[in-house]
Each structure stands twice: as structure tokens, then as C-alpha cells.
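Biologist: I would like to go through some helix packing and charge pairs in this model. Shall we start with the structure itself?

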Amino acid sequence: MISGRGGSTMRGGRIRPPRRPMAPSGDVDEFEQCWEKLREALRDIHTRNAGNLSFEQLYRYSYKIVLKKAGEKLYDRIKQFEEKWFADEVIPPIRALITTNLVSTTLEEVPGTSVVERRAMGEKFLKGVRTSWENHNMSMNMIADILMYLERGYSQDHSRPPIYAATIGLFRDHILRTSLKGNGSDCLVFDILNATIIDQVNMEREGDVIDKALLRSCTSMLEDIFETDEEIEHERLYLTTFEPIYLHNAQLFYRAECEKLVREGDTRAWLRYTQRRLAEEAERCQTTVSLLTLNKITQVVEQELIIKHMDEFFNMEGSGIKAMIDNDRTEDLSILYQLVSRVDPKKSALRKALSERVFELGREIEQVLKNTDFSIAQQTDTGEPAEGADKSKAKTLNAAAQQTAAAIKWVDDVLSLKDKFDQLWSTCLGEDLILQTALTKSFADFINLFDRSSEYVSLFIDDNLKRGIKGKTEAEVDVVLDKAITLLRFLSEKDKFEQYYQKHLARRLLHAKSESQEVEQEMISRMKRELGNNFTQKFEGMFRDMRTSKETTEQYRDHIRGLGEVDEKRIDLNISVLAGNNWPKEVMGRTGLSDGPSARIIYPREIQGLQDSFFKFYSINRNGRVLNWLAGAGSADIKCMFPKIPGKTSGPLSRERRYDMNVSTYGMIILMLFNDTAEAEWLSFEDIEERTNIPQQDLINALTSLSVIKASRVLLREPQTKAAAKPGDRFTFNREFVSKAIKIKVPLINAANKVENDEERQETDKKNEETRMYVTDAAIVRIMKQRKELGHSQLITETIQVLASRFKPDISLIKRRIEALIGRDYLERSELADGSPAYQYVA
């Protein structure tokens, strides 16, 4: 009995010589006798009647022929037999399956046939081809085993294809490439086969159920057949003939589908359709077609569904990327990122769209800020006011408080926007570093385009360190500090931020407004890690001054106690000794480090004595030091006694009232004037100004806080209006002042103005430009001192690199500073070897 190719018979070892001699040769040709036996065996094998055949005997027939040098004749006879078998037994049934209707629906795509009929016709034809292939393949495996010695003794020696490959090639040439002219069609069986497979696949794409195993067996057949008998790997019929047609058909199919989506659908539908089609094609390659096509069909789908129409779907109104971001459609955005990543490793389109949206939303924040009315305090909760509540009693903010509220709102909105995109980046965008870089740049662009960003960021930190972190856990405080550093990273003008932060920190330290010194120190530490020691040098100096001042104050108190003088009415002094280089000029005085001869404040006698006492103590170990008293930076706690009002027999006015009032140093000086006035005596604005020498603007602010604000109206004014105090007004002690609180803090009018007005901002910008000149000079000198000689372009480039961490230097500024340094004999002009301009450092 004949076994399959490579069966158990072949594993038994070498073939023994025949035990019985072959039929005796007479006049009959010995070759013909052997061929006749082999021919009958071949027919039996093809007709599935090989049960009684002897593999050993048939092998010896072919062995005998090859030994007789008739291998070529046997090789040709085998091919002739197979050709005749195809013509007589295989082609007719296949032709019968190829009907006119099948040709018209598959090749010519003539409509009118139902899906059920198309599927039935196609499956019937494919089953016929599959059956003929499987029969032929199985038969040729058995025949090749019989003719194994022919392959060894003839085919290899004469460079002819193995008999198995040759007979498989016959199936290709005589079955698949058979012309159908007799069927009334000018095409090949192979054309019908390809068209039928593709038609079945298209039916599945449209939602119908097909026989996947049948299609897979047909495509496997094409993978096993080559263009030539040499069986070159890349010349499989599947790759050379079927796959190009399959890919072209898929291209047309998806092109039409995508155009329909553009007309009728939206971005959400496109995303899910594309995602589904990619998954379907990948599964189809595994179960229906071939994995050889997976990468190519994926590229077709990506090209037709993603690349060609990406911009259109990105910009669709109501469903494009803008709507995804605004409406937090995280699932859509996640799918979009996955699809874009498939076709563009750099994510150019997505990167551009995200960047533009960040910038647009950032500019919208600024526009909303301009259009928001901050005259009334913003509600912090989302609840509606209680029924019957008086909405007209909402707190009204002054101009300075409005600016402060605007600053806090801008920072909060920017941080909310940052949080939103951080969330999208982590949940939808795969934490992609390319997109993170683009988002960071977009945030920096719109933040630095806003001319008050440095001031507002400093105000955000100031507000949190004063009251925003109250009641928060350590983890929550860390979040606030992280947000502050995040905003700081975005700023390009860090030197301007440094100025504002210095001012705000000074207020917090001098007025003891910080919620936590530990958090203040942690904020400075984080700035140092982020921006370096030079950036925080002044801030650390301010903290050192405050620590030293605390120690100095304790030493002074010990000194006073050591004198043995006991005075119940002695004023308790708390001194802050400030080094001028660390503190902002605004704190150190309007005209410089001191009040100056023309602005020397006239303090009460008690205070002057205290100042003299401290100066003597301070000079003991610090000979040569000069102390300048800064009245505008201090505060005082005063015990105020308001007498009983004659004629009042009930209520607070019927008895003496005592209050502890916290006022500015200027307020303390003004109030102590009224200790020496008669009961009904009035002091004019000009009198107070002359007797105290307080600068007029500071005097206006102090008198306004003491005479206009109801909660602290300890002075009466003529005329009594809500306007700020002004020259020509008169003031007297308000003996009828009443307050429910024992301790009263008199608000400082100028302290509310934490946000600069236009004039103050222009002054700050002017000072900042002056500072930048000095910083640029220092950078140029450091570079030239190290390099000795440097070309003009190289010097500008290196200067920009050095200054980039503090601000974005203007090239014209660098050129002006170079000229200034040449004029001051720090540099001199020279030329490089190529004649280009250069500079030399003058030691």
C-alpha cells in the first residue's frame, strides 16, 4: 500500500534490491513495460484507488528506468500524463462552475444579483477549485514518493525542477491560467478566482457572513504555487497576482467609505469606524486571507481612512479635536492619538492642533479677564443665595482689590487649564513626550504673551503663602508649591518675577503675614533647585535679616532689663534691621535707603527716646553702622481709651471704652498727636503734615484709613465723606467711637494695592531694564574674561545662552552693552583671521 509523502515506508532505512526479477524482456521495450505499470498506478492514485498498489514495486519501476538512462523520457511522460489528466478530468468540472452570472457579478460587477446568490455561486466555484487542488496536491505527494529516485538520479543532475514542483506548476499553467474563451469570456480561471475571493471579502466587509475557512484554503493554495518551477520565495502567486488586486480593491472600498463619512458623518463616527476596520483587517489576515498581507493592508487602511482626510476630521465643527478637548471626550481623544501614532511617529498634525488649542484657550482666559467685572466680590461657592437674601449687599471691591482678584483668577484659570491638559496627556495621549514638549511650549507662549504674567504668578504664591495653605495637609501644600514652580518654569522673564516676589515676600515678612515659615523656606528651596543659587540669594538674605533681627530684639530687651529700670509705661520695641541690598527699594524708602533730609519723619518724643536707646545699644558692637528708620514699613499696637460721653446713661457710650488697635507707624504718629490736643480741637491736614513730616501720599492713606473706614473711624473729618482724605480737611478725635471688637486692625490703604497700576508697572519695567543692563554687562565680562578674544557673533550667541535662564535678551541690548563696555575700557575691538569683527578682553 502506498503511504503519503515522507511516510513510514521511507523511515525504514535503505531500499533493498528486488527479490523477484522484473518481467523478462523480449521484443517489448523494457521502458514501455515499466511506464505502463507506472501509468496505471498514476491513474489509480488520481482516482483514489491506490489501496492495492505496492510502493516498493512502483519505486523499483522508476528506479530501473533511471538506471537505464531513461530518466528524461520518464520525466516528460509524467508531465504529459498530468497535462492530459487536467484536460480530461479537471478542467471540465471547473468550466462548468464558471457561469455567465458568476463572471458578470465578480469580474464585471454587474448589479442585480442578490447577496445570497452571489455568495452561493462564489462558494460553489471556490469549493470546486479547492477540491481539485487538494486532490492534485495529495496525488502528487504520493506520486513524488514513488518517483523519488527519479528526482535524485535525474532531476538534480540535469538541473530540472523536482517532479513535485513541476506537477504543481502544471496545475498553475493548465488550471489557473486556462483561458475561458470557450465560456464566452476573454479571461483566465485565475481572474475569476481572484475576483470571487475579493467579492466574498467585500461581502464580509459589508456585514455578511462568509465561509472564512474556504477562502483561507484558496489563499493558502496561492501561497503554495509560484510563478515558475524554480519556486523563488518572493514569486508566490499570492504575492505577485492576488495581493496587488486585493489591495487595490481595498483601496477603492475604503476611499469610497471615507468620502461618505466626510459627507455624512462626524469625527466620532470616523474614529470608531477606522478603529473597527483596522481590527477587522488584522483579523481577516489571520483567518481569511494571509498574514503576508497584514502590513500592506494596514497601510492601505491608514492611507485612505487616516492620512488623506485627517485635517478634515480634525477641524469638523462640533466633533473635531476642538470639541474633544472642550467637552472632555477622553475616549475619542484616546482613539485619535492611537490612530495618529500609527501613521505619524512625530504626531505633527495632532501636535499642531493641541498647541493651537492651548494657545487659543490661554488667550481666552486673558480676554475673559478683561471682560469680567471685579467690582463685586466673586462668589466662591456654587450655591444660589437664599430666598429673600439681599443681593445688593454683596461686598464691593475697591480698584486695588479688583486688580488683586483679577490676578488670582488669571492664575487659577491658567492652572485649571494646565491641569486639564495634564489629565488629557496622561489618560488619552499615552504620556507622549513629543506632545508634552509641544503643550509646554504652547503654555509658555501664551503666558509670556500676557504682560502681567510675572506679577500675577508672584501674587498667586503670595496669596497662598498668606492664607491659601491654611488648614491644608502637607500633601496639599506640596501640590500648591508644585503648581507655583510649574508656573515659574513657564516664565521667560524670571528676573521680573524676582522683583515682584521680592516685594511680596518683604510684605509677608515685615507684617508677619506668612502662614508658615517652613513653607516659605520650602518655596525658596524649590526655587533654588529649579533656578540656581543666584536667583534666591536675596530671598535667603531677607530671611537671614529677619532671624538676626529677632535675635537682636531679644538682646536689646535683655539689655534694657539689665539696666534695672522698671517703667510700666515703657514701649515694647520689636526691631527689624534690614540690609539694603536684600530688600526692595520700595520697602527701604521712596527716596533711597533713608527718608532723606527733606523727608525725615518727626516721631513722638517717646518714640525718639526709644530710637536713641536702641541705636546706642546697636552701636556697642557695631561701630560705624548707620541705622535709617523706615516708618513706611512698620506697624504699632496702641491702647486707645475713649471716655464716657456726658449725658449718656445706657449703652457703650455711657462708660469708658478701651481698645487695642493695630495701625501703621504713620497711623501711630498721627494718633499720638491727639494726645496733646484739647477735647474739641481740630487739626487740619496741613497741620498734621507739618508736625509729622509724613510724605503727602502716605499721609493721605493713613488719614483715610483712620477717618473713612467705618470699622476703624477713630478720627472725625470735615467734610465727612467717603472720599480719600485731602489737603484742606480737618480732623479730630472721635470720642464716640464704638466697636464690638476689643482688638481692631486698621486696614492699610496702600497695602491692598498688591497689584501695580499702569504707572507703577511702567516704573517697574524701567527699573527692570536698568537691572538687565547691569546683568548683561556682567555676563559679557565673564565670558570675555574666560575666552580673552571672541568673534562678534559668537559673543552674542554665548551671551544669549547665559542670560536665557533669567530673561530673553534683546540682541540690540547686547550690542549696546558691548559698545558701553568698549567705552569703559573693558573690551577693545579686534579682527579674527578671516577678517570678521571680534573683541578682546582688557585686563
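Biologist: Which side chain meets that of Glu530 in a salt bridge?

Modeller: This is a predicted model, so the distances are computed from it. Glu530 lies in helix α22 and its partner in helix α20, so the pair ties together parts that are 41 residues apart in sequence. The N to O distance is 2.9 Å. The partner of Glu530 is Arg489.

Biologist: Is Glu530 buried, partly exposed or exposed?

Modeller: Buried would need under 20% relative accessible area, and exposed over 50%. Glu530 has 34%, which makes Glu530 partly exposed.

Biologist: Where do the buried residues of α22 fall, seen down the helix axis?

Modeller: The buried residues are Val519, Glu520, Met523, Ile524, Arg526 and Met527. In an α-helix, residues three or four places apart point the same way. The buried residues of α22 fall within an arc of 160°, so they line one face of the helix.

Biologist: Which exposed residues does the face of α22 turned away from its buried side carry?

Modeller: The buried side is covered by elements that include α19, α20, α21 and α23. The face turned away from that side carries the exposed residues Glu518 and Arg529.

Biologist: Which residue forms a salt bridge with Asp729?

Modeller: Asp729 counts as buried, at 1% relative accessibility. The closest N and O atoms are 3.3 Å apart, and the partner is Lys726.

Notes:
Residues numbered from 1 in each chain as written. Predicted model: local features only at pLDDT ≥ 70, side-chain atom pairs only at ≥ 80, totals over all residues. Heavy atoms only, no water. Buried < 20%, exposed > 50% of the residue type's maximum accessible area, 1.4 Å probe, protein only. Helix = DSSP H or I, 4+ residues; strand = E, 2+ residues; numbered from the N terminus. Arc of directions from axis to C-beta. Contact = heavy atoms within 4.5 Å. Salt bridge = Lys/Arg side-chain N within 4 Å of Asp/Glu carboxyl O.
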